[in-house]
Amino acid sequence: RDDNFVVMGKARRDRVSSVMFVWSDAPIASASEIVIEMEAVSLSRFDAVIDLGLACGENAAEEIERGFSGRVVQVSPGTSGLRVGDAVFGVYRGRPERRVSVDRRRVASRPEHVDVFAAAGGAQSMLFADHGLEAVARLKPSDRILIDLGTGALAHAFVQVAGAVGASVVARVSDSRGVQSLVRAGAEVWSSLEEDPEAASFDVIVGDVSGTHLASSLRLLAGGGRYLDLRAPDSFLSVANEGFRLGPNRSLVSLDFGSWIEEGIDDVDAMLAGLWDRRFTSALEATPRMVFPVAEAGRAVRYLAQGREVGEVCLDFGAAESTEVIGSRSMLGEQEILVTGAVGVERDGVVGSVREMGFTNVEVRSLAFARAWLTTLGPDALEQQIWIHISGAGAPDWSLARETMSKVTGLRRIFVGMRPPVTGDLVRDRSWESRLWLDALARS
């Protein structure tokens, strides 16, 4: 199928699958934009934050910056330098999606010899590391640097860029995973900063830690030292530095990739192209990566949530046409959704959740109307109808709805509110329950 779809996180509300594939309108390139058919898209720790239900912002998933590689399928009038069919890579902001309209300035041509996954995984991490160390931290060959970012894509990128500058590089890790690949990337690996207390002094420290861990790292800054803080933006985690004393002639700089990209967007395409022309080519291709088919996106996010990643994690969109899509016109046709039952925020939550899945014909009616109207529909009309009845406080007796449903054969029906609570939030419970049953209908 040729449906466009978005990979949506469910914050594990159904405790079955952490993602779903939701039908979406095909994007149209507006001025200075191009539409990309994705071949590979990178995932990050922020996807795991959303998966675990820890994101602070309601639209946190829309703020994640991702690397990608793909093919141009549409070019807006007046946009130069790329044609339909060209192989490209770059960065965009939003959820993983099969086709995305991207600002031309965020895209560069992908050389033929470059692997699609190396391009997607390295586009963001290597670009960020290059800018962070050279432009912000002003790393010099004589500097000693501590990379305190675990074993993921950013850790490898910062180690590789620091090594390319000529600095002495130490990486701190909490377990044995990824140690060998960081050593191959050029780092001396410590499991604890107590291994060499005399030498535990650094000109530059790069970290994404908080609390007492951050305080202990800041104490390791040498005179004139710079701490580069890569913690999540406010929509994911609350960031506060109050109470930490850096000491004289030391600095802490917070760096958010998305904000930097927007501020320097006119230079991004040239910087992306420069990744392959400069000293990072071998590093990009040698970085370890884990690739998951897009149909296994849920497994990929769980892998990230478990802190198991070494290097980059990417989704392979190569088999996107076989992905089962919720709300897909080709799967469900123009379905009509009739919602009855509980009123207020419960019902609003269910209706909003259903519409987010791609169903546009959603009608809210009383149970009395449903009982009278549905019995008049013929078989063809019933095939296009799904009835959702919400049981709950203030709802008409669900037994009446059940009696009506049993009399109308061929009708797809869903009772919401009959399952035990999971989150303790009534609106969220009803919403994910509706999605769960509609997902099951779509796959049946």
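## Strands and their partners

Two strands count as paired when DSSP finds at least two bridges between them. With that in hand, let us look at one such pair in this predicted model. Strand 9, covering residues 168-172, runs parallel to strand 10 and is joined to strand 10 by 3 bridges. Within this pairing, R172 lies opposite W190 of strand 10.

Both strands belong to an open sheet of 6 strands, paired in parallel and arranged in the order 10-9-8-11-12-13. Strand 10 (188-190) and strand 13 (251-254) form the edges; each has a single partner strand, so one side of each lacks a neighbour in the sheet. On average, neighbouring strands here are turned by 20 degrees against each other, direction ignored.

## The protein as a whole

Stepping back, the protein contains 15 helices and 19 strands. Of its 444 residues, 52% are buried.

How much of the contact set joins residues at least 24 apart? Taking contacts between residues at least 6 apart in sequence, the share is 70%.

## Salt bridges from strand 3

The protein has 19 salt bridges. One of them joins the side chains of R98 and E37, at 3.2 Å from N to O. This pair ties together distant parts of the chain, 61 residues apart: R98 sits in the loop between strand 5 (87-93) and strand 6 (99-103), while E37 is in strand 3 (residues 33-43). Are these two partners buried or exposed? Both R98 and E37 are buried.

Strand 3 also holds E39, whose partner R110 lies 71 residues away, in the loop between strand 7 (107-109) and helix 2 (116-136). The side chains of E39 and R110 meet in a salt bridge of 3.3 Å, N to O. The cut-off for buried is under 20% relative accessible area.

Another salt bridge brings together the side chains of R45 and D208, at 3.5 Å from N to O. R45 belongs to helix 1 (residues 45-51), and D208 to the loop between strand 11 (202-207) and helix 5 (211-218), 163 residues apart. R45 is partly exposed, with a relative accessible area of 29%. D208 is partly exposed as well, at 23%.

Some salt bridges share partners, and in this way E65, R93, R106 and E262 are joined into one network. In general terms, side chains of opposite charge can pair when their charged atoms come close.

## Around R138

Where is R138 placed? R138 lies in the loop between helix 2 and strand 8 (144-148). With a relative accessible area of 48%, R138 is partly exposed.

Leaving aside residues up to four places away in sequence, R138 touches L133, D143 and R226. R138 and V204 are 66 residues apart in sequence, and their C-alpha atoms are 8.9 Å apart in space.

How values were computed
Residues numbered from 1 in each chain as written. Predicted model: local features only at pLDDT ≥ 70, side-chain atom pairs only at ≥ 80, totals over all residues. Heavy atoms only, no water. Helix = DSSP H or I, 4+ residues; strand = E, 2+ residues; numbered from the N terminus. Buried < 20%, exposed > 50% of the residue type's maximum accessible area, 1.4 Å probe, protein only. Contact = heavy atoms within 4.5 Å. Axes fitted to C-alpha atoms, helices over the stretch in contact; angles between N-to-C directions. Salt bridge = Lys/Arg side-chain N within 4 Å of Asp/Glu carboxyl O.
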